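This report describes the protein chain displayed below. Please keep the sequence and the structure in view while reading.

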Amino acid sequence: MSQIPMPALSSSGFSLTKEHFVVAVPVAVVAAVGGFLVSHYLSGRGCKKGQVNTCISKDSPKVVHSFDMEDIGTKAVYCRCWKSKKFPFCDGAHAKHNDETGDNVGPLIIKKKDA
């Protein structure tokens, strides 16, 4: 059985030949490009999942609602989880969202102070 040739040892470590570089450089390039592509793919996926507004007025550059205090009445309950079917008003959808995600979001409640 013939032995596998080992690279010659020098005082500073292994000596690499041209053949070693011919194999090592393409492998390193492929590994670097593969790592970059996987990293880029994973970071792109994370951003889209991080969006809180998944369906409300997506054609608008910014979703803004404004209400006059006189129009609110004695109490108003507004959604902060973006899951409400009656957005911008709360319909309790945050409870399901909190159960699924472990979050603790709740509504914004505005009420008139008793005089």
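## Annotated regions

UniProt, in an unreviewed entry, places the feature "transmembrane region" at residues 20-42. UniProt positions are given in the numbering used here, feature names are shortened, and annotations may be inferred rather than shown by experiment. In the model, which is predicted, residues 20-42 are 100% helix and 0% strand, with the end C-alpha atoms 33 Å apart. Helices (H or I, at least four residues) and strands (E, at least two) are DSSP runs, numbered from the N terminus.

Over residues 62-100 the chain is 31% helix and 10% strand, and the end C-alpha atoms are separated by 27 Å.

## Basis of the model

Residues are numbered from 1 along each chain as its sequence is written. This is a predicted model in which local features need pLDDT of at least 70 and side-chain atom pairs count only at pLDDT 80 or more, while totals for chains, interfaces and linings use all residues; side-chain values use heavy atoms, and hydrogens and water are left out.

## The chain as a whole

The chain contains 3 helices and 4 strands, and their order along the sequence is β-β-α-α-β-α-β. Of its 115 residues, 15% are buried; buried means under 20% relative accessible area, exposed over 50%, and partly exposed in between (1.4 Å probe, protein chains only).

Among contacts (heavy atoms within 4.5 Å) with a separation of 6 or more, 42% are between residues 24 or more positions apart.

## Helix H3

Which residues of H3 are buried? They are Ala 93, His 94, His 97 and Asn 98. Seen down the axis of H3, these buried residues fall within an arc of 135°, so they line one face of the helix; the arc is that of the directions from the helix axis to the C-beta atoms. On the other side of H3, Lys 96, Asp 99 and Glu 100 are exposed. Gly 102, with a positive phi near 80°, follows the helix.

His 97 is in H3 and counts as buried because its relative accessible area is 16%. Apart from neighbours within four places in sequence, His 97 is in contact with Cys 81, Lys 83, Gly 102, Asp 103 and Val 105. Asn 98 also lies in H3, which spans residues 93-101, and is buried at 16% relative accessibility. With the neighbours within four places left aside, Asn 98 is in contact with Asp 103, Asn 104 and Val 105. A polar atom of the side chain of Asn 98 lies 2.8 Å from the backbone oxygen of Val 105.

Asp 91 lies in the loop between strand S3 (75-78) and H3, and is partly exposed, with a relative accessible area of 33%. Not counting residues up to four places away in sequence, Asp 91 touches Ser 84, Lys 85 and Lys 86. The side chains of Asp 91 and Ser 84 are joined by a polar contact of 3.4 Å. A polar contact is a pair of N or O atoms within 3.5 Å; within protein, one must be able to donate a hydrogen and the other to accept it, and residues adjacent in sequence count only if both atoms are side-chain atoms. The side chain of Asp 91 also reaches the backbone nitrogen of Ala 93 at 3.0 Å.

Most residues other than glycine have a negative phi, and most peptide bonds are trans. Trp 82, in the loop between S3 and H3, has a positive phi of about 65° although it is not a glycine. Pro 88 lies in the loop between S3 and H3, and a cis peptide bond with omega of about 15° joins Phe 87 and Pro 88.

## The nonpolar core

In soluble globular proteins, nonpolar side chains tend to be buried together. The largest nonpolar core here has 6 residues: Ile 56, Cys 79, Cys 81, Phe 87, Ala 93 and Val 105. A nonpolar core is a set of buried Ala, Val, Leu, Ile, Met, Phe, Trp, Tyr and Cys residues joined through side-chain atoms within 4.5 Å. Leaving aside neighbours within four places in sequence, Phe 87 is in contact with Ile 56, Val 63, His 65, Cys 79 and Trp 82.
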